[in-house]
Number of protein chains: 2
Amino acid sequence: MKVERSETETSQPLDQDLLAMMHAYWRAANYLSVGQIYLFDNPLLKQPLESAHIKPRLLGHWGTTPGLNFIYVHLNRVIKQHDLNVIYIAGPGHGGPALVANTYLEGSYTETYPEISQDEAGMQRLFKQFSFPGGVPSHVAPETPGSIHEGGELGYALSHAYGAAFDNPDLIVACVVGDGEAETGALATSWHSNKFLNPQQDGAVLPILHLNGYKIASPTILARIPNDELHALFYGYGYTPYFVEGDDPHYMHQQMAATLDKAIQQIQQIQTDARQHGIVDRPRWPMIILRSPKGWTGPASVDGKKTEGSFRSHQVPMGDMDQQGHIEILEKWLRSYNPEELFDDSGKLRKELAELAPEGNRRMGANPHANGGQLLQPLNLPDFQDYAVEVTVPGQTKAEATREMGKFLRDVMQQNLEAGNFRLFSPDENNSNRWQDVLAVTSRTWMGETLPEDDKLAMDGRVMEMLSEHQCQGWLEGYLLTGRHGFFSCYEAFIHIIDSMFNQHAKWLKICNQIPWRKPIASLNYLLSSHVWRQDHNGFSHQDPGFIDHVVNKKAEVVRVYLPPDANTLLSVTDHCLRSRNYVNVVVAGKQPSPQWLDMDAAVKHCTAGIGVWEWASNDGGQTPDLVMACCGDVPTMETLAAVKLLNEFLPALKIRVINVVDLMKLQSASEHPHGLDDEAFDALFTDDKPIIFAYHGYPMLIHRLTYRRRNHRNLHVHGFKEEGTTTTPFDMTVINGLDRFHLVENALRHLTQVSPEKRAEMESYVQQKLSEHASYIREHGEDLPEIRHWQWQQ
Amino acid sequence: MKVERSETETSQPLDQDLLAMMHAYWRAANYLSVGQIYLFDNPLLKQPLESAHIKPRLLGHWGTTPGLNFIYVHLNRVIKQHDLNVIYIAGPGHGGPALVANTYLEGSYTETYPEISQDEAGMQRLFKQFSFPGGVPSHVAPETPGSIHEGGELGYALSHAYGAAFDNPDLIVACVVGDGEAETGALATSWHSNKFLNPQQDGAVLPILHLNGYKIASPTILARIPNDELHALFYGYGYTPYFVEGDDPHYMHQQMAATLDKAIQQIQQIQTDARQHGIVDRPRWPMIILRSPKGWTGPASVDGKKTEGSFRSHQVPMGDMDQQGHIEILEKWLRSYNPEELFDDSGKLRKELAELAPEGNRRMGANPHANGGQLLQPLNLPDFQDYAVEVTVPGQTKAEATREMGKFLRDVMQQNLEAGNFRLFSPDENNSNRWQDVLAVTSRTWMGETLPEDDKLAMDGRVMEMLSEHQCQGWLEGYLLTGRHGFFSCYEAFIHIIDSMFNQHAKWLKICNQIPWRKPIASLNYLLSSHVWRQDHNGFSHQDPGFIDHVVNKKAEVVRVYLPPDANTLLSVTDHCLRSRNYVNVVVAGKQPSPQWLDMDAAVKHCTAGIGVWEWASNDGGQTPDLVMACCGDVPTMETLAAVKLLNEFLPALKIRVINVVDLMKLQSASEHPHGLDDEAFDALFTDDKPIIFAYHGYPMLIHRLTYRRRNHRNLHVHGFKEEGTTTTPFDMTVINGLDRFHLVENALRHLTQVSPEKRAEMESYVQQKLSEHASYIREHGEDLPEIRHWQWQQ
């Protein structure tokens, strides 16, 4: 397979002056990067370098940094030359010094943090603060102007980039992908995002694969396959790859400039063609493969070992500055950039160099898209109450909760089509999770080939389906971080695939809450459906309610968890989530036909409280009950009410209070979560000393964990998922986990002291008989007993 | 880009008899598959089909099934013809009926489950049990003979396949990758596994990308890019792709046979060349791209909608059998396979067809590699006590725990090199986690290009490093499931990337424990290092101890969690993990120089108990203490001992008991975990009523969750990670989370009633002064106070 080399190889678009100035600007960025990693003082090297000028702990990553700087300088040129709107995503975000250095050079850093002034004192503070207690993190963190991507955990750069580009027709997202990151799964599939990018309505992504050859200790795969394979791989992914390879800076500047010109020209051509003449085919977007030495311009060798162009440049090339000769190496290295040519005596970047940077919001550190809250417009929302399911008597009608939600989302979509700031994301589960009504007003995004029998595909669709939870999550994060809105629907079990991405987003939000200039963004909303209790058909691998447990480990100020028991409560919760900011909202709701409990008024009240007594199902008449039956989640609610009904029949004098929980965080102490009930309110609901049988959607331990400090905790008995599963009937799923009505009754009985031995024996025998009837019936018929399938709550 | 078509396109390797018989065999498999999905009775259609013969609930996936059957039949032919040793991995494992049907046809199913006999009654039971309560799951589950891969969660087929092939030179792993699964991240990067497969010592993987065009509702990406892109993509991934495309069965049989012949011949050629003449270059292994209609041979249309070749075939083509005409469609469909030509009157597959299958262990359903416990040989282990760090006085020496572990693993590696059944896995973190000594006896596996300056790369290396946690996990799972041993080292925060893979493996093990013929396999062992407390340099994104919380949600019988406080305890735990079977062992240990507490004898005793009083650090003299100071994890242990020392100084009369926990599950009740202490033993350690200050490595809530039923729980006060992090000093990490010695002292004070007000004020003021000294020192110097850095426990 022949590699087609670009014609850029011999072109020289930069005149000698510009080239020299760009090279100087790059040296300035490199100088500032090395300074951040090493220097405590003497920022301009006005004195000979000595030990006291060097930080006691050297923390940072040099290896990727000069490459990130090189790309930044070149992007500045094309932004300025063509007045482009560009943001910069640094996949190798551990190269934090590069982004800090460049935003400092262009002035956006000082505008954001005035104490880091553009003078010698400011430069000293810039150096000292890096990776320093009370200073700034070593990575491209939320604190870094111009960033929407930390790059701490690798894999999501390109998904974030595409997420940012959707519905931003004017924006170009330059996305540097490290060759280490390129080995991750999430990144490997994210190249296919180009099948979802519409050149009419979306912006462009310019991926720059940076082959610097090594990870922490090993070479990278993509740096060690022949160029014909590399070319084929990216052609196969649907791009036109352009190679920029070498280590001679002057040659590389010309190469990079010529290639960037070519790429920008192609991007503009693709967009112009599509916008003027319509889209004929999926475009073949350009990408750049930049091969440069790791730790480029750093020390060639340290202690006799190759350093530039080697894995030894990954972090700090000379970790131990007490060692003979290391200070000299550092000083020689710093002086090789000739700082006196770059900065004037006051420490300010020389004017002719400063002029190379774009101005105002065109500076990548000041681009409002990278502080999306600035651009956020609230959604135009229809009144969710208009989608109410009619409930005249609790439990008499059935509905599919997520289908009702889909109708509401359909009109949310419709009302915001023009604004173009709302999308839905799902790993091929939009319809399976019952949001298909949305497809009446928009289609699935699809730029690939189509066939006549395809269903609801369109280039301008706004339902994004790719069978990758990573992509859905990454796209959505990029979309939200640039100031738009969305919802992610997923099978409950498989949302664990993005556990770690959730972690990173929650951490990002937590830090943003402490940064005044970061404006609030729309919350990241999950609908988890096809949940553990109704994956009876797919079996054990599809049965896992643990994401909630994972989520509640994160800071209380950023996470919310809702388990609405029916359609009207789900509608109310959905509306709330779409209006909220800076949270992660997890909504767990079923898609199967299920009993409806609350009319819309009651639903709104119940959701507003987050937890409450269902008086219509209770018979304690507002007095202290004998027994509290609590429930959280749709299936547990149904089983609880069925158990209550049985208890009422056998023990009509028993006073039972039924409590339903929508907002899980209500259970936690007010001191631990802003939604938490105070102890008085909790005790008023759950009593001081009465038995509580709690039927919960997920792992029972979570309820104990949230309530262990509550006064009546010793009487709390939780039923939930005990990690028992297989392909079976829906009711049998509850039976094998002890969440069914019969086990609930049995457990209530165990904790009630006022039941006579005869009655107790009668009830126990009834429960056993029912369970055995169930077991033999399903083994014979393959479905649940008719009395279970057709069970209805009767007032 | 030109697609080179294989010369197979016109070849016809099957003579007409063989072709007819293979086609019949395929029809038999398809018939049995449809039967499993639909039929309750009348398995041979001896009577006209009627409603009573059909299952009440139709659960299963037809769409992928005929393709899986097609591949199975063709693999049978080449196995038999060349006496090959092949296992079959079905990425689209939801096509469970296919694997059940084929193992039934070849006889291995009946040998495993005699009641599913090869006759009409057995066939009826085969059909009924599928997706039926008390029967078998709808997916290729552990219950399915010949499987090491469920395919319930998509993405891991190819990683599992390569894991199985490593060190099995005689084995060919045929791996079907669905085009849905191919969109996942894990799968997209797993194609690069070919850079780690050595044709001398390893077996081969034959990937078969099955383009059936649709997911649940949408087309797939790879089915909708042009063939030249597809070809380039897989050429770029390093394969030679061969296309088999069409829908005419006879044409497709010839195509598939010719292509398989070609692929097998190439595999054998590559292996022969490498084994006879050495390896010159990384081989370009063959792969097959099979494009066939979804739901091939199923109903062309149902209710006027295209079904064969459409997403409507994904699950059950006619879900509602009460609808007019559906029974007729089903009967016509079933009869289209002409069952009477395939099975004799007794229901047995006709002899001439049965002879097409391989025999004995060559049958893919009976291959011992797919029941790896059968092949498992224990490791030849050196005595871990030989690697003891000398500890004459607790706390006086420092060591890097994981580096000591690395020395032990080096010799484990050495002593099992010949057996070739032990590998280490890490996402580019082997050395970072301090296992570099292992590289003295083996290298990193690497089949890519090499440069002179590379460090420890070799084609026959046994340390597997790719920057993908998914790959490490998937490879290791495949390696273990085929009867070998391994250890996975990972940064603690990023192990969350494989949360969901862990889930699936733990579920697999849980089910295997209930299946007598599944022999125990080696445990899946994790070392989590570079842990939350010592990611001070990388910042918040790298600080997350939540994997433990995730793990303990799984069945107690399969998960174990260890937090050894120093090197000798880590060595003891490591030895234990390498000997254990059918568990997931999570070991959390630090890599930084840290105080060593226990000599080897004490370490062995402590680890055997899993929890215990450290008498040398306690002053309760075996009496009831006034205060219990408990700790779990290396940093919490150090902070606890430093706090104890402070308390001893201020309050010499206070009787303090120090408890250290290695085996986290000791805290749980004996009724909930087999390792759990009974209540008497727990109370004897933690007292009935004394305050307990517990310093824990991870999220404090986990300790409450494990102990909430314990008698003295109300007096338990847990310190741990509170989700506060940034780039700072190591000690400051503990301070911002309140885990440091000063906060521990402060909290102890809060719960001690016997301290005089003066003493209390003195201590409180001391603590505040120390914390403020710390804060200003680190902000000035960037490192911890010398007294903190050089702190030592003094007896």
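This is a predicted model: local features need pLDDT of at least 70, side-chain atom pairs count only at pLDDT 80 or more; totals for chains, interfaces and linings use all residues.

Visitor: Why are α1(A) and α10(A) called roughly antiparallel?

Guide: Helix α1 of chain A spans residues 16–38, and helix α10 of chain A spans residues 326–335. They pack at an angle of about 155 degrees. Angles over 145 degrees count as roughly antiparallel. Therefore α1(A) and α10(A) get that label. Their axes are 9 Å apart.

Visitor: Now chain B. Why does T65(B) count as buried?

Guide: Buried means under 20% relative accessible area. T65(B) has 0%, so the label applies. T65(B) is found in helix α2 of chain B, residues 65–82.

Visitor: What does the side chain of T65(B) reach?

Guide: The side chain reaches the backbone oxygen of H61(B) at 2.7 Å. The cut-off for a polar contact is 3.5 Å. Leaving aside neighbours within four places in sequence, T65(B) also touches S33(B), G95(B), P97(B) and A98(B).

Visitor: How do you know that H485(A) is buried?

Guide: The relative accessible area of H485(A) is 1%. The limit is under 20%, so H485(A) is buried. H485(A) is found in strand β13 of chain A, residues 485–491.

Visitor: Which backbone oxygen lies 2.6 Å from a polar atom of the H485(A) side chain?

Guide: That of Q377(A). Beyond four places in sequence, the contacts of H485(A) include Q377(A), F422(A), Y479(A) and R581(A).

Visitor: Why are the two copies said to be related as by a two-fold rotation axis?

Guide: A rotation of 180 degrees superposes chain A on chain B, with an RMSD of 0.0 Å. The shift along the axis is 0.0 Å. The copies are thus related as by a two-fold rotation axis.

Visitor: How much of the contact surface of chain A recurs in chain B?

Guide: 100% of the contact residues of chain A recur there, and the same surface serves both copies.

Visitor: Which residue of chain A comes closest to the rotation axis?

Guide: G185(A), with its C-alpha at 2.0 Å.

Methods
Residues are numbered from 1 along each chain as its sequence is written. Chains are lettered from A and ligands numbered from 1 in the order in which they are written. Side-chain values use heavy atoms; hydrogens and water are left out. Copies are superposed by least squares on the C-alpha atoms of residues with pLDDT of at least 70 in both. Contact means heavy atoms within 4.5 Å. Axes are lines fitted to C-alpha atoms, for helices over the stretch in contact, and angles run from 0 to 180 degrees between N-to-C directions. Helices (H or I, at least four residues) and strands (E, at least two) are DSSP runs, numbered from the N terminus. Angles under 35 degrees count as roughly parallel, over 145 as roughly antiparallel, 65 to 115 as roughly perpendicular and the rest as oblique. Buried means under 20% relative accessible area, exposed over 50%, partly exposed in between (1.4 Å probe, protein chains only). A polar contact is a pair of N or O atoms within 3.5 Å; within protein, one must be able to donate a hydrogen and the other to accept it, and residues adjacent in sequence count only if both atoms are side-chain atoms.
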